[in-house]
Amino acid sequence: LFDYAIPEFELASSNPSIKFDCYIMLGNCFMEKGDYDKSIEYYKMGSEIPGLSDEKLAQLNFHLGLAYEAKGMVSEALDTFTLVLKLDHSFSRAQEKIKRLQGK
């Protein structure tokens, strides 16, 4: 179903009110397909949307960190999870990821 969902989310992303959510979903779809480069691309595009709250940026960057981790880019994942904590100090899943990655 990902191959059906992807073009629908791409089309829907032209609507500014749901662009952020579409980019998250596109990144998630590509993560599930194992296309980490494409998921990273969409998460980065989402982070460039002006006016995002720190909460939304933390959410997006957490997903970006997961994509980096899945691709084996440990340094980038650590940096991204650290940014998540700067944006939202209570994001415990990011703290857990940092601890796990530093233990590798």
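In this predicted model, the crossing of helices H2 and H3 is left-handed. Helix H2 spans residues 19-33 and helix H3 spans residues 36-47, and their axes come within 7 Å of each other while crossing at roughly 165 degrees. Since angles over 145 degrees count as roughly antiparallel, the two helices H2 and H3 are therefore described as roughly antiparallel to each other. On the side of H2, the contact is made by Phe 20, Tyr 23, Ile 24, Leu 26, Gly 27, Asn 28, Phe 30 and Met 31, and these residues meet Tyr 36, Lys 38, Ser 39, Tyr 42, Tyr 43, Met 45 and Gly 46 of H3. When the residues in the contact of H2 with H3 are sorted by class, 10 are nonpolar, four are polar and one is charged.

Charged side chains were examined next. In general, side chains of opposite charge can pair when their charged atoms come close. Across the whole structure, a search finds four salt bridges, among them the pair formed by Asp 3 and Lys 33, whose closest N and O atoms are 2.4 Å apart. This pair links distant parts of the chain, with Asp 3 in helix H1 (residues 2-12) and Lys 33 in helix H2, 30 residues apart. Of these two partners, Asp 3 is exposed, with a relative accessible area of 57%, whereas Lys 33 is partly exposed, at 40%.

Another salt bridge is formed where the side chains of Lys 71 and Asp 37 meet, with an N to O distance of 2.3 Å. Lys 71 belongs to helix H4 (residues 54-71) and Asp 37 to helix H3, so the pair ties together parts of the chain that lie 34 residues apart in sequence. Lys 71 counts as partly exposed, its relative accessibility being 39%, and Asp 37 is likewise partly exposed, with a relative accessible area of 47%.

Because Glu 41 and Lys 38 are three residues apart in helix H3, they are separated by about one helical turn. Glu 41 is partly exposed, with a relative accessible area of 37%, and Lys 38 also counts as partly exposed, at 27% relative accessibility.

Conventions. Residues are numbered from 1 along each chain as its sequence is written. This is a predicted model: local features need pLDDT of at least 70, side-chain atom pairs count only at pLDDT 80 or more; totals for chains, interfaces and linings use all residues. Side-chain values use heavy atoms; hydrogens and water are left out. Axes are lines fitted to C-alpha atoms, for helices over the stretch in contact, and angles run from 0 to 180 degrees between N-to-C directions. Helices (H or I, at least four residues) and strands (E, at least two) are DSSP runs, numbered from the N terminus. Angles under 35 degrees count as roughly parallel, over 145 as roughly antiparallel, 65 to 115 as roughly perpendicular and the rest as oblique. A crossing is left-handed if the near helix is turned anticlockwise from the far one by less than a right angle, and right-handed if clockwise. Contact means heavy atoms within 4.5 Å. Ala, Val, Leu, Ile, Met, Phe, Trp, Tyr, Cys and Pro count as nonpolar, Asp, Glu, Lys and Arg as charged, and the others, Gly among them, as polar. Buried means under 20% relative accessible area, exposed over 50%, partly exposed in between (1.4 Å probe, protein chains only).
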